[in-house]
Amino acid sequence: MTSTRINKKIADAGITSRRKADNLIEEGRVTINGKKITEPGIKVTDKDQVKVDGVIITKEEPVHILYYKPTGEISSAEDDKDRETVIDAFDDIDARLYPVGRLDYDTSGILLVTNDGEFTQHMTHPKYEMKKTYRVKIDGVLLRHQQDEMRRGIRLSDGKTAPCDLKVIRDKSGKDMILEISIHEGRNRQVRRMFEHFGLNVTKLTRIRFDFLTLEGLKEGDYRYLKPHEVKKLIANSKK
Ligand code: URA
């Protein structure tokens, strides 16, 4: 039988974060099989009965959501400046949800939202190379040879980017341009920085695909639950 650290077990039940679970343990509010514990590192199995403040905990049902994030929302569960976060859209769902990775405040498009830590690992860890496609509007022109350079990989402050797919969707004779770029990395502000590398400003950025998922049928601010076969397929598509 697999064992789990007690703080993970408490977090998986949707009670609080792992870090805050450690505080509950230190405060003596957690029991295992009726015995109070104060050691945060203890491991438990599914057979152990864990209580927090005298109440038995059970694993929260996993929830997987595809959200069409509008611009003007922060991609984190909490904001210290009390600004609107993506999680505010899910106030009526009784689960401890958080965004899978992040999109900038000014970026719209597909954001997965979940309470499933293992799923999140598969979707975000660089080794799994999940492909994400962005539609990018720039207020200038990315020249042919620059497009090729971008496809091969360019040197940013945090290292060279991996080869990517790049397609020109609209080229308005020297004024602005719309492109689609597919990357499997997820560095901070990566797409914006890739265009800034050529002195170009991104004026609109939308994540239009996450692996096989698209925004079809959704308007900005809408969401839908992923179907079990979609969750399975995403996990299967993450490279081992
Ligand atoms: N790349 C960016 O620059 N911003 C995002 O929000 C996502 C990818």
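Reader: In which helix is the place of E118?

Author: In this predicted model, E118 belongs to helix α3, which covers residues 117-124.

Reader: Is E118 buried or exposed?

Author: A residue is called exposed when its relative accessible area is over 50%. E118 counts as exposed because its relative accessibility is 62%.

Reader: Where is T16 found, and is T16 buried or exposed?

Author: T16 sits in the loop that runs between α1 (6-12) and α2 (18-26). The cut-off for buried is under 20% relative accessible area; T16 is buried because its value is 14%.

Reader: Which residues does T16 touch, not counting those up to four places away in sequence?

Author: Under that exclusion, T16 touches I10, A11, A21, L24 and R96. As for R96, this residue is 80 residues from T16 along the chain, yet their C-alpha atoms are separated by 8.0 Å.

Reader: What share of the contacts in the protein, at a separation of 6 or more, comes from residues 24 or more positions apart?

Author: Such pairs account for 62% of those contacts.

Reader: What does the protein as a whole contain, and what does it span?

Author: Its secondary structure comprises six helices and 17 strands, and the C-alpha trace spans about 75 × 35 × 35 Å along its principal axes. Of the 240 residues of the protein, 45% count as buried.

Definitions and conventions:
Residues numbered from 1 in each chain as written. Predicted model: local features only at pLDDT ≥ 70, side-chain atom pairs only at ≥ 80, totals over all residues. Heavy atoms only, no water. Helix = DSSP H or I, 4+ residues; strand = E, 2+ residues; numbered from the N terminus. Buried < 20%, exposed > 50% of the residue type's maximum accessible area, 1.4 Å probe, protein only. Contact = heavy atoms within 4.5 Å.
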